[in-house]
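Subject: Structure for your review

Dear colleague,

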Amino acid sequence: VGGDTEHSTAYSKFGTSSIKFDGTGDYLTVPYNVVNTVTMPTGNAARTVDFWFRPTVAAGDYVFSTGVGSGANTLFSLSQYLGNYYFQGYGAGDMGTGFAVTINTWAHVAIVKDASTVYVFINGDLKASGAKTLNTTGTILSIGCYSGGSFPSNFAPLHYQDEFRVSNIARWTSNFTPPTAPYGETTNATGNYTSSTETASATVSKMGIVVLYKNADGTTTLDTDLVAQVSADGGANYVSAPLTAGGTFSA
């Protein structure tokens, strides 16, 4: 922890607090030797950095950074400049022409590395993508400042962050709905639903059911967590219909 970085109850995306960076020396770091293979997006390894961000001014500098910035593709970062966000893969230039910053509003930011492609998302909308082979091995992850040779420096102005997460998978490669709950929190759907009566057009001996469901967290077990039953006598008696997974239709 650098400066007087602290939890603040002034703003939060989830829960009662978020991390406050006051822009005058505040930052957080994760040493390379603690999280090496997870944090450092080296080569074509899959990585996702995502978090909620609430700026108070539309100005620079680094919101997060990993890498040294002294050679080709050695910086993996998100920064602000003149009211826009920029993703940087040093040596290959910025990605895109900047994405507008909305002050005093929470925004979900996701930088995804999938094979040779980097994707930049703001609030689930794909803003830019492009090929970048990164080399940030052995460097710290800095949140709120620059991680390069002049570390710590280039502090982002007063802002708040919540739910900062680094994953060793590519979570998204196309538009998505940002998380609506804290990471790791499971939202369960419970209860029963009875459909309207279906009348067959001819005499039948079999019928089928197609069930579409969203498995947002964890694993739903068919015939245990999700059960389908049919009745041929108006609901007086029901028989369970075994369910078989038919495939994934959406990410």
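Buried here means under 20% relative accessible area, exposed means over 50%, and partly exposed covers what lies in between (1.4 Å probe, protein chains only). Helices (H or I, at least four residues) and strands (E, at least two) are DSSP runs, numbered from the N terminus. This is a predicted model, in which local features need pLDDT of at least 70 and side-chain atom pairs count only at pLDDT 80 or more, while totals for chains, interfaces and linings use all residues. Residues are numbered from 1 along each chain as its sequence is written, and side-chain values use heavy atoms, with hydrogens and water left out.

**Overall picture**

The secondary structure of the protein chain comes to one helix and 15 strands, and of its 251 residues, 37% count as buried. Accessible areas come from the Shrake-Rupley method with a 1.4 Å probe, and for residues only the protein chains shown count as cover; the accessible surface of the protein chain comes to about 13,900 Å², of which 49% belongs to carbon and sulfur atoms. With contact taken as heavy atoms within 4.5 Å, 59% of the contacts between residues at least 6 apart in sequence join residues at least 24 apart.

**Strand 5 and the cores**

Strand 5 (62-67) is mostly covered, since six of its six residues are buried. Two strands are said to pair if DSSP finds at least two bridges between them, and strand 5 pairs with strand 12 in the antiparallel sense over three bridges, with I143 as the bridge partner of F64. Leaving aside neighbours within four places in sequence, F64 is also in contact with a set of residues that includes V49, F51, F76, L78, I111, L141 and F164.

A nonpolar core is a set of buried Ala, Val, Leu, Ile, Met, Phe, Trp, Tyr and Cys residues joined through side-chain atoms within 4.5 Å. The largest such core has 22 residues, among which F51, F64, L78, Y85, V109 and I111 touch the most other members. Elements that give two or more residues to this core include strand 4 (47-55), strand 6 (75-81), strand 9 (107-114) and strand 12 (141-143). A second, separate core of six residues includes Y119, F121, W172 and F176. In soluble globular proteins, nonpolar side chains tend to be buried together.

The C-alpha atoms of I140 and G67 are separated by 7.1 Å, although the two residues are 73 apart along the chain.

**Pairing around strand 2**

Strand 2 is joined to strand 1 (residues 6-8) by three bridges, and the two run antiparallel; H7 stands opposite I19 in this pairing. Three bridges also join strand 2 to strand 13, again antiparallel, and there I19 stands opposite Q161.

**The salt bridge**

A salt bridge is a side-chain nitrogen of Lys or Arg within 4 Å of a carboxyl oxygen of Asp or Glu, and the structure holds one. The side chains of D50 and R165 meet in it at 3.0 Å, N to O. D50 lies in strand 4 and R165 in strand 13, so the pair ties together parts that are 115 residues apart in sequence. Both residues are buried, D50 with a relative accessible area of 0% and R165 with 17%.

**Loops**

N104 is found in the loop between strand 8 (94-100) and strand 9, and N104 is partly exposed at 40% relative accessible area. Not counting residues up to four places away in sequence, N104 touches R54, P55 and T56, and its C-alpha is 9.6 Å from that of A58, 46 residues away in sequence.

Most residues other than glycine have a negative phi. N123 is partly exposed at 36%, and D223 at 40%.

With kind regards
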